[in-house]
Structures are given as C-alpha cells and as structure tokens.
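Dear colleague,

Please find below the structure that I am handing over to you, followed by an account of what was found in it.

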Amino acid sequence: MMHMMMEMFFHFRIEEPILFREWKPMNTTAYVFSCIGIFLIAFALEVLKFGRMRLVGKKVEEEKKVDCCCSTEEDGLWNIPETRPLNAKTVNLAPFTRDSLLVKSHFASSILIFIQHFVDYSLMLVSMTYNWPIFLSLLAGHATGYFFLGPMMTVEESEAAGSCCS
C-alpha cells in the first residue's frame, strides 16, 4: 500500500482534488471553471462579511449609551490602554440578558458568523492545496470583493463588530 504525500510547494497540476475527492477537474475547461468558482466563493465571502458587519453596525447604533464607571481617559477600560474610548463619559455596552439573546438580529448574526467561518476555513484548506492558479483566484476574489465593498464601510463600522468602546 503506497501513500502519496501532498506537495508542500506551489505547483500547477490540473488533475488534483481541490477541496473534496469528488471536486477533481479532469481537463483544462473544468480547471478554469474551478478557478472561477473559487473566485466567486471568495467574493461571496467578502459580501457576507460586509452584510454581517452592516447587521452588527445597526445593532450597535441602536444600543443605548451608558455611563462608563470603570474607565477614564487616561487608563482605558479596566486599566487597559488600548480600550480608551474617544469620549471617556460614554461607551457602548450590550447588556447580557435573556432578551438580548432572543433578538432576531442576534440569531441572524449567529447564523451568518457560522457560515462565514465555515467558508473561511474551507477557503483556507483550498489555499493549502498549493495550486497557484487556484490560490490566485482565491486572492483575486477577496481583493475584488473588498475593492467594491470596502469604500462603503467606515472605520467605525469595521470596529463595531469587535470593539466594546468604539
């Protein structure tokens, strides 16, 4: 029984599995369509990230501003300098309650984050095939998605997805 090792350098071979054993282009046409498919998946991932960021951004805008009793302009939140708010008197806080878990936007965001991570990790595995046309198609899809959607995002929106003091 002979075991073949995966090549650990960039190559250009057509008849190799891409992500699943069944996804194996057998000719140049199928290979080109696989590259186009990877491009579209990477582009769709950027659209998904943008849509989720918009959903989270709307949720953050709707939250109330509360007094921040644990931060000062000099110290930051819990004495962590990186968490210094722009305005030391107010900070966006999402209260953890049963009602906050049952909000439809939270369910939608949870489903979208699951899909986003699934596609992210799948594309990571695709990039690990070390097939350079496939890899370049993946990068081109990400770059094209960001090129078209990036100008529609503000710095505040991109920070709102993961910062408590934005």
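**Confidence of the model**

The model is predicted, with local features requiring a pLDDT of at least 70 and side-chain atom pairs counting only at pLDDT 80 or more, while totals for chains, interfaces and linings use all residues. Residues are numbered from 1 along each chain as its sequence is written, and side-chain values use heavy atoms, leaving out hydrogens and water. The average pLDDT of the chain is 76, and 64% of the residues score at least 70. Confidence is lowest in strand β1 (residues 65–67), with a mean of 45, and highest in α4, with 94.

**Overall architecture**

The chain contains five helices and two strands; here helices (H or I, at least four residues) and strands (E, at least two) are DSSP runs, numbered from the N terminus. Their order from the N terminus is α-β-β-α-α-α-α. Among contacts between residues at least 6 apart in sequence, 66% join residues at least 24 apart. Of the 166 residues, 28% are buried; buried means under 20% relative accessible area, exposed over 50%, and partly exposed in between, with a 1.4 Å probe and protein chains only. The chain exposes about 11800 Å², of which carbon and sulfur atoms supply 67%. Accessible areas come from the Shrake-Rupley method with a 1.4 Å probe, and for residues only the protein chains shown count as cover.

Helix α3 (residues 104–127) has 24 residues and spans 34 Å from its first C-alpha to its last, close to the 34 Å expected at 1.5 Å a residue. The expected span is 1.5 Å times one less than the number of residues in the helix. Its buried residues include Q116, V119, L123 and V126.

Helix α4 has 18 residues and reaches 25 Å between its first and last C-alpha, close to the expected 26 Å. Among its buried residues are P133, I134, L138 and L149. L139 also lies in α4, residues 132–149, but L139 is partly exposed, at 40% relative accessible area. Together with F10, F12, W132 and L136, L139 forms a nonpolar patch on the surface, with about 520 Å² of accessible area in total. Such patches are made of residues with over 30% relative accessible area and no salt bridge; like charges are joined within 9 Å, and nonpolar side chains (Val, Leu, Ile, Met, Phe, Trp, Tyr) within 5 Å.

**Salt bridges**

A salt bridge is a side-chain nitrogen of Lys or Arg within 4 Å of a carboxyl oxygen of Asp or Glu, and the count comes to three. In one, E16 pairs with R13, their closest N and O atoms being 2.5 Å apart.

In another, K49 pairs with E46 at 3.8 Å between the closest N and O atoms. Because K49 and E46 are three residues apart in helix α1 (residues 28–62), about one helical turn separates them. E46 is buried, at 14% relative accessibility, whereas K49 is partly exposed, at 26%.

D120 also forms a salt bridge with K49, the closest N and O atoms being 3.9 Å apart. This pair links distant parts of the chain, with D120 in helix α3 and K49 in helix α1, 71 residues apart. Through shared partners, E46, K49 and D120 are joined into one network.

With kind regards

How values were computed. pLDDT is the predictor's confidence in each residue, from 0 to 100. Contact means heavy atoms within 4.5 Å.
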